[in-house]
Amino acid sequence: MPHLLCALLLACLVVFIPDAKAQNSAPGIPSFRQDVMPVFFRAGCNAGSCHGAAKGKDGFMLSLFGYDPAGDYQRIVNDITGRRLNTAIPERSLLLLKSLGAVPHTGGEIFTTDSPYYQTLLDWIAAGAPDDTQNVPETTGLEVSEQHFVFEGKTAHAELRVFANQSDGSKRDVTNLALYHSNNPAVANIDENGRISTFGGGDTHVFARYSRFAIGSSVTVLTSGDFQWANPAANNYVDTHIFDRLQKLRIAPSELCDDETFLRRVTLDLAARPPTVQEYHAFMADKRADKRTAKIDALLASDAFADLWTALWAEQLRVMGGNYAPDATHIKAADTFYEWIRRQMRQERPLNEFVSEMVASAGSNISNGPVNLYTMLVHKPRIEPKALAADFSQVFLGVQLQCAECHNHPFDRWTQNDYYGFVSFFTGMTRKPGAEPREKRIYWDSAVPTAVHPVNGRPMQPKTLGAAVPVQAEGDPRAALAQWLTAPENSLFSRNLANRIWAQLMGRGIVQPVDDVRVTNPPVNEPLLADLAAHLVASNFSLRDLVRDICNSRTYQLSSTPNASNRGDTRQFSRAYLRRLRGDVFVDSVVAVTGVPRRFSGFPDGVRAIDYYPRSSGDTEGPNYGDVVFKCLGRSPRGSVSSTETKTAPTLSQALHFSVGDTVNPRLSCAGGLEAYVKDKAQPASVIEELFIRCLSRRPSSGELSGFQELIPGPPVNVRPYEDVVWALLNSTEFMFNH
């Protein structure tokens, strides 16, 4: 009997884990939050591919990257008591045996017995696996030893050290606890100890992540060899920032584009069409030194510019109309919203006021255009606060906040507190039937509770992103949201707008994709983005002023022809990047060249592709191209607010459609006025030259002219050969791309 009693007592000692909350951690005993959890983070145990997955791994779950330390302690220590920890014989703890690979473990061996990480866990278990009995300092941010690294030659090394700023004012070296990665390992990589190694010329960023924070350092690798900076003239602040970056990277910008290229480029970008023959001749005959600036101003003052940006905003805000009224997106409501956007663009309303009115709006979706922000962003029978908050953040801030719904954002600074506080701005948004079946009235219902934090169940009051305390608002908090969102000091908003405007004109954003702004996706030229945003704010959020600055820059007017140093550049704007025309701009350009309109179902004759939005006979929940030609040409189906919905890559189906589809071929007939146009000329050479100007905004080369003349001898009496010329020009990559 005594032996049996001893055995029972020994068994109890093996499995018993003291009440950690009743203990005080003595000096030298590892802290669960500051020492133990960082080991799990560093080893990848709480990563999404391991125990940090939504359902854990192999029956054991941790919070992703440790966002729930109290829950993690409960699961490690008290879940199946005695299974994972053995405080009597710490080295026999299953937690340690699996980490060593001594027992079957899907993750294999994580570290060895001589590892400091192993020793931390061993010491903690030996001390009784205590929880922190007092509030331990929290990490409030990170610092790195160097923010910028510049290397000469392809092979070099450097050390990056990482420090965590604590809530008690202290600073802790966490270099050996952080995780590292590089945005471009082909240029520079960083190993698990923070050691940077370079491999090729170019630039990238290396990142360190610890706790819920990430921080980056830029790495520039300069290739050896002679480089002579030509010191090109800077037209404005845009060029100053671009050329400063290029000089540091030893990349020479291309030469200025010629007048023909500039005219076509700027007309397509600002008016969504090619220049007319008359515009071409007038511009080429203009001898003024500032004729490019004058042309930019004339295009900015046109309704065509406003209509283009109406189309861009309507696409971004997912304007679609249907005949199924319960979705609150009836065609009548879509028309009201679209025309309201057009009025704001034509009246040159400041962008902050334009957005602010939408955010704070309420009332009828039929008579009050801006309130349709709350019907179009999320095409559902009811307003869904989480989906609305995510789309709202992505459109107006460029932040994909939805990544913080289930856990702290894995690649940015946003927490679940940020997410659910932001969702609470929309929980009270409600619809009710209006005076007629098509109408819905959108308003804030104060009786609806706020969002609830999923970890501890506490109600989350409306709070703007990054704020420490909720907004002070009685009733509808959206006025406070609108004020914060569009305030001049909110750099998230101004930088997002500036980046999107830049991307529309330059083919890619300074942050790319434009709606994936995060710490680990930094701008390729931070000073440029900051200055563009500052000028946007200084101009009272004038769209036209910022577009004018960009178009007048030498950077915008560079040739697309590369030189020896910038041939491999795809993101520093050292030359103009080839950009395939948007689907709607391509269709309108074909119509402009041939003179034969294209009809769109549900719209009156004469409506341009740029003014067309999808309409449906039913509801509008699913993606909708509206017209089959836009599916082929990659126009956004508006299935989400993502910028990647618009496809610009050329495809085989596009080539086939251009060759034999109904976009080009039906517009080559004599009905388009081509016959009269051809017979008005005396010689084939003059006809061919005018066709080149009409289609490509340039005169043909001598080789092109002689080649076509061989196919079309004699005076231009028969229009059919010229239809073939137009077909060839419209099917050329030169026509399909803005260059």
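Within helix H6 (residues 237-249), Asp 244 and Lys 248 are placed 4 residues apart, about one turn of the helix, helices being DSSP runs of H or I with at least four residues, numbered from the N terminus. Their side chains meet in a salt bridge with an N to O distance of 3.3 Å, a salt bridge being a side-chain nitrogen of Lys or Arg within 4 Å of a carboxyl oxygen of Asp or Glu. The model is predicted, local features requiring pLDDT of at least 70 and side-chain atom pairs pLDDT 80 or more, whereas totals for chains, interfaces and linings use all residues. Residues are numbered from 1 along each chain as its sequence is written, and side-chain values use heavy atoms, with hydrogens and water left out.

The structure holds 51 salt bridges. Among them, Arg 288 pairs with Asp 286, the closest N and O atoms being 2.8 Å apart; Asp 286 is buried at 18% relative accessible area, while Arg 288 is partly exposed at 47% (buried, under 20%; exposed, over 50%; partly exposed, in between; 1.4 Å probe, protein chains only). Lys 386 forms a further salt bridge with Glu 405, at 3.2 Å between the closest N and O atoms. Because Lys 386 lies in helix H14 (residues 385-396) and Glu 405 in the loop between H14 and helix H15 (416-423), this pair ties together parts that are 19 residues apart in sequence.

A search of the whole structure finds 0 disulfides, defined as pairs of cysteine sulfur atoms within 2.5 Å. The sulfur of Cys 45 is 5.8 Å from the closest cysteine sulfur, in Cys 50, and therefore too far for a bond.

Conventions. Helix = DSSP H or I, 4+ residues; strand = E, 2+ residues; numbered from the N terminus.
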